[in-house]
Amino acid sequence: MRGLFWIAVLAGASYSLTSWGLADAGALKAAWKTSGVALLALWAATQARSADGWLIAGALALGALGDLLLETHGFTIGGAAFAAGHAVAIVLYLRNRRANPSSSQKLLGYILAPATVAISALLAAPAGQALPVGAYGAFLGVMAATAWTSRFPRYRVGIGAVLFVISDLLIFSRFGAMKESAVPGLLIWPTYFAAQTLIAWGVVQTLSSSQRVP
């Protein structure tokens, strides 16, 4: 089913054309936006052979739901779906903690969560959204921290989780710091979809390799 993975990558990556002003999806915008991560979730589900496999599929499915709800119902409802997805991912990563993380890995893990909360709240403060965004940032930051200290490959899953943080911080920067800047619009979707792709690939491949070990 590797072909499904690459179809998902094409569907999600091509959506960048809309954020860059190179394509107009019109009435199909919500479906196009949702398709990439939804197909990643479907691909992960086809590979699931254990509870962990279903957890990554579920986390991706909730991410796809968040993409849809952000487009159709707004920031609060969409954010709740993403927070739920982060909660599922946290369970996955805690079930797969790295046995002997290095001191630098543990240090970054300790820093990621509180730093994400603090920066998220500060960026949202000009719009009076520091509390709800900070609460969401707690789910986001813990997800990234547990991903970084999990047994999954850091150059895929760990970096993917950090990219997820960066993408969301770019969204929050639109509340004030970069309200008039074109930079967030250019980078939010590519960093987000790269994050989801790296996480999906890294987790599913690791689980598949573990299942093949006699």
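This is a predicted model: local features need pLDDT of at least 70, side-chain atom pairs count only at pLDDT 80 or more; totals for chains, interfaces and linings use all residues.
Guide: Residues are numbered from 1 along each chain as its sequence is written, and side-chain values use heavy atoms, with hydrogens and water left out.

Visitor: Why are α1 and α3 called roughly antiparallel?

Guide: The axes of helix α1 (residues 2–14) and helix α3 (residues 29–47) cross at roughly 160 degrees and come within 7 Å. Angles run from 0 to 180 degrees between N-to-C directions, along lines fitted to C-alpha atoms over the stretch in contact. Angles over 145 degrees count as roughly antiparallel, under 35 as roughly parallel, 65 to 115 as roughly perpendicular and the rest as oblique; α1 and α3 are therefore roughly antiparallel to each other.

Visitor: Which residues of α1 and α3 make the contact?

Guide: Contact means heavy atoms within 4.5 Å. On α1 the residues include F5, A8 and A11, and on α3 they include W32, L39 and W43.

Visitor: Why is the pair of F5 and W43 called tilted?

Guide: Rings of Phe, Tyr and Trp (its six-membered ring) pair if their centres lie within 6.5 Å; planes under 30 degrees apart count as stacked, over 60 as edge-to-face and the rest as tilted. The centres of F5 and W43 are 4.8 Å apart and the planes stand at 55 degrees, so the pair is tilted. F5 in helix α1 and W43 in helix α3 are 38 residues apart.

Visitor: What makes the pair of W43 and W201 stacked?

Guide: W43 and W201 have 10 degrees between their planes and 6.0 Å centre to centre, which meets the stacked limit of under 30 degrees. This pair also links distant parts of the chain, with W201 in helix α9 (residues 183–212), 158 residues from W43.

Visitor: How do you know that W43 is buried?

Guide: Buried means under 20% relative accessible area, exposed over 50%, partly exposed in between (1.4 Å probe, protein chains only). W43 has 3%, and is therefore buried. F5 is likewise buried, with a value of 3%.

Visitor: Why is A138 called partly exposed?

Guide: A138, in helix α7 (residues 130–148), has a relative accessible area of 31% and is therefore partly exposed.

Notes. Helices (H or I, at least four residues) and strands (E, at least two) are DSSP runs, numbered from the N terminus.
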